[in-house]
Amino acid sequence: MRINRRAFAAAAVIAVVLPLSACGGASDTGSSDASGKVEGRITFQTWNLQANFKDYFNGLIADFEKQHPGTDVKWVDRPAEGYADKISADAAGGTLPDVVNVSPDLVAPLAKAGLALDLDKAASQYRKEYLEGAWQSHRIPGMEGTFAFPWYLNTGPLFYNKRLLTEAGLDAAQPPKTYDQVFAAGLQLAQKSKGKIATLANVPTIEDFGRYDVPLMNKEGTGFAFNDAKGVELLTRYKELYDAKALDPQALTATPESAGHKFLTESVAMNPGSALDLGNFKKQAPGLYKNIGITDQVSSTGHANMYVMGVMVNSRSQQKPAAVAFAHFVTDATRQMEFAKKVAIFPSTAGSLDDPYFTKEDGSDETRVRVAAAKSLKTAVNYTPVLFSEQMKTELRNAVARALQGKESPEEALDSAVKACDRLLQQS
């Protein structure tokens, strides 16, 4: 039951691990001293934002240059496809921009390679300006420091189809609030529809294990732990859904986009998303929109899942004072509020979520979702470990598939996945 990554709005979020051998050794980190005059030319790289937000960023850059005469910011924007490969190539070639738009899993290998500036040393005066959970999201287990300014956040509710729940004899006014209720509702939906209506369209991912309160890594951050008894319990329950056809038949190969389409066409009863999705429902599926139910994310921890984007400073920048000043400028409360009002994302700055824009409803579903999401973000957690690479996600997904298909027991599958992920972690 993961949030559709399409819902992370402005950027296409992908997970990746960069080859550290291509990035140089961690010992060559450059100075963490960012004091000095803010001047010179820097390059700022974003991730698939220019098409929709050209005027916003051009205005932001102009404002920064006006505040800091003698600075010159060159903006480059890279497409979502191949973004990680581009960063890897730049890291290997010594051409990494001064300021780079990253996600936590992108910054981890750069930090290990000594290419991400430690903001706890270089810019600690700004820490209090951000939500603590957001600031911590760019820390790397086993390393000291914080390696990017937190930028925009997202989370969202669980959408459900009231008509499908009602037809299955469930109370659409009382949607599932706990995992027990979700699994019970799923089995009832499948039984009543004779397997034609699934409850969910995705198999569990690492964030689902996190929200189920499964320990994902050991305390030292040196190995994975999602194969404990609670992890096995979660996968066993998904196996029950799969056998009862309460999981969509194509769940083993589903993408967030395909899962969203299943919900849009009313063949799946529940799907996580964000306020951004409501407009799509209203436009593309007015029949579904009339029957949309909105409830909180299901979590055993009391904390919603949070997606976070960041802005990293290249530790080898020749203009560190300007690079740090600009990265902070992009992510300060004023700029984040401006950006959040242009697209369905949320600021990571302390106090911003108390603004009336995020606390006052006007009776519309859009504001209802926005207000609820903003409230949950104050204590939300980025469950996906920053060290959990794309290869690791593939290992987990393959293990889940083997368990659901009955090729291995849930315990055997998760043991195998943890062993493979630990091996990949040691190789990184």
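## Terms and model

Helices and strands here are DSSP runs, numbered from the N terminus; a helix needs at least four residues and a strand at least two. The model is predicted.

## The five-stranded sheet

Five strands form an open sheet. Their order is β2-β1-β3-β8-β4, and the pairing is mixed. Two strands sit at the edges: β2, residues 71-78, and β4, residues 149-154. Each of these pairs on one side only. From one strand to the next, the twist averages 20°.

Strand β1 spans residues 40-47. β1 and β2 pair in the parallel sense, over eight bridges. Gly40 has its bridge partner, Thr71, in β2.

## Helices across the sheet

Helix α2 covers residues 83-93.

Helix α13 covers residues 320-331. Helix α13 lies across β1, β2, β3, β4 and β8, where β8 is residues 307-313. Relative to β4, helix α13 runs at about 25°.

## Two loop residues with positive phi

Asn48 is not a glycine, yet its phi is positive, at about 60°. Asn48 lies in the loop that links β1 to α1, a helix of residues 50-67. Is Asn48 buried, exposed or partly exposed? Asn48 has 35% relative accessibility, so it counts as partly exposed. The cut-offs that decide this are under 20% for buried and over 50% for exposed.

Asp213 also has a positive phi without being a glycine; the value is about 75°. Asp213 lies in the loop between α8, residues 206-211, and α9, residues 229-243. Asp213 counts as partly exposed because its relative accessibility is 42%.

## The second largest pocket

How much space lies in the second largest pocket? The volume is about 510 Å³. The second largest pocket is lined by 19 residues. Which of them are closest to its centre? They are Val381, Asn382, Tyr383, Thr384 and Pro385.

By class, ten residues of this lining are nonpolar. Seven are polar and two are charged.

Definitions and conventions: Residues are numbered from 1 along each chain as its sequence is written. This is a predicted model: local features need pLDDT of at least 70, side-chain atom pairs count only at pLDDT 80 or more; totals for chains, interfaces and linings use all residues. Side-chain values use heavy atoms; hydrogens and water are left out. On a 1 Å grid over the protein atoms alone, a cavity is a set of points where a 1.4 Å probe fits but cannot get out, and a pocket is an open set with protein on both sides within 12 Å along at least five of seven lines; lining residues have an atom within 4 Å of a point. Grid points are joined across faces, edges and corners, and a volume is the space filled by probe spheres set on the points. Ala, Val, Leu, Ile, Met, Phe, Trp, Tyr, Cys and Pro count as nonpolar, Asp, Glu, Lys and Arg as charged, and the others, Gly among them, as polar. Two strands pair if DSSP finds at least two bridges between them. Axes are lines fitted to C-alpha atoms, for helices over the stretch in contact, and angles run from 0 to 180 degrees between N-to-C directions. Contact means heavy atoms within 4.5 Å. Buried means under 20% relative accessible area, exposed over 50%, partly exposed in between (1.4 Å probe, protein chains only).
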